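Colleague: I'm new to reading protein models. Could you walk me through this one, feature by feature?

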Amino acid sequence: MTTLIVVSHSEEIANGIKKLIGQMADGVQVIPVGGSDGTIGTSFEPIQQAIEGLKDDAICFFDLGSAEMNLDMAIEMYEGAYRVEKVEAPIVEGSFLASVNISTGLAFEEVIEAVENEYC
């Protein structure tokens, strides 16, 4: 099953998205990465750790500028066996739509296509 990585400047937002998806699309794994040492911001290292620790393909969502920049660097440096794709869509709506599609059994590419068709 495809995993979602949610990168936000706010730890509370990232964890809130995980909680929302957990209640609406049971069984979809969400890895929240938010904040920077207890403050607002993003750091490359936690994003890289989330990607390096994957046990399945992942679709990534982000909120603001440095979240995207750090996510791009982590994806570019990733040398693992799984597919990791960034999707440019609203972080809450996009990750929610992706999770529902994952829970219904859509394939990795189909999930990305559904989100992109809706928001891009």
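This is a predicted model: local features need pLDDT of at least 70, side-chain atom pairs count only at pLDDT 80 or more; totals for chains, interfaces and linings use all residues.

Colleague: Okay. How many helices and strands does the chain have, and in what order do the elements run?

Modeller: Helices (H or I, at least four residues) and strands (E, at least two) are DSSP runs, numbered from the N terminus. Here there are five helices and four strands. Starting at the N terminus, the order is β-α-β-α-β-α-β-α-α.

Colleague: What does the radius of gyration say about the chain?

Modeller: That radius is taken over C-alpha atoms, and the globule rule is 2.2 Å times the number of residues to the power 0.38. For 120 residues, a compact globule would come out near 14 Å, and this chain has 13 Å, which agrees. Along the principal axes, its C-alpha atoms fill a box of roughly 35 × 30 × 25 Å.

Colleague: And which share of the residues is buried?

Modeller: Buried means under 20% relative accessible area, exposed over 50%, and partly exposed in between (1.4 Å probe, protein chains only). In this chain, 44% of the 120 residues are buried.

Colleague: What about contacts along the sequence?

Modeller: Contact means heavy atoms within 4.5 Å. Take the contacts between residues at least 6 apart in sequence: 75% of them join residues at least 24 apart.

Colleague: How do I read two helices that pack together?

Modeller: Two packed helices are described by the angle between their axes and the distance between the axes. The axes are lines fitted to C-alpha atoms, for helices over the stretch in contact, and angles run from 0 to 180 degrees between N-to-C directions. Look at helix 4 (residues 91–103) and helix 5 (residues 108–119): they pack at about 140°, with axes 9 Å apart. Helix 4 brings Glu93, Gly94, Leu97, Ala98, Asn101 and Ile102 to the contact, while helix 5 brings Val111, Ala114, Val115, Glu118 and Tyr119.

Colleague: Is Asn101 buried or exposed?

Modeller: Asn101 sits in helix 4, and it counts as buried because its relative accessible area is 13%. Setting aside neighbours within four places in sequence, Asn101 is in contact with Leu106, Val111 and Ala114.

Colleague: Where is Thr2, and what does it touch?

Modeller: Thr2 is in the segment before strand 1 (3–8). Its relative accessibility is 10%, so Thr2 counts as buried. Not counting residues up to four places away in sequence, Thr2 touches Val28, Asp56, Asp57, Ala58, Ile59, Ile102 and Phe108.

Colleague: Which residues should I look at in the loop between strand 2 and helix 2?

Modeller: Ser43 is buried, at 17% relative accessible area. Leaving aside neighbours within four places in sequence, Ser43 contacts Gly35, Ser36 and Asn70. Ser43 and Leu71 are 28 residues apart along the chain, and their C-alpha atoms are separated by 9.2 Å.
Modeller: Asp37 is found in that loop too, but it is exposed, with a relative accessible area of 79%.

Colleague: What about the phi of Asp37?

Modeller: Most residues other than glycine have a negative phi. Asp37 is not a glycine, yet it has a positive phi of about 55°.

Note on methods
Residues are numbered from 1 along each chain as its sequence is written. Side-chain values use heavy atoms; hydrogens and water are left out.
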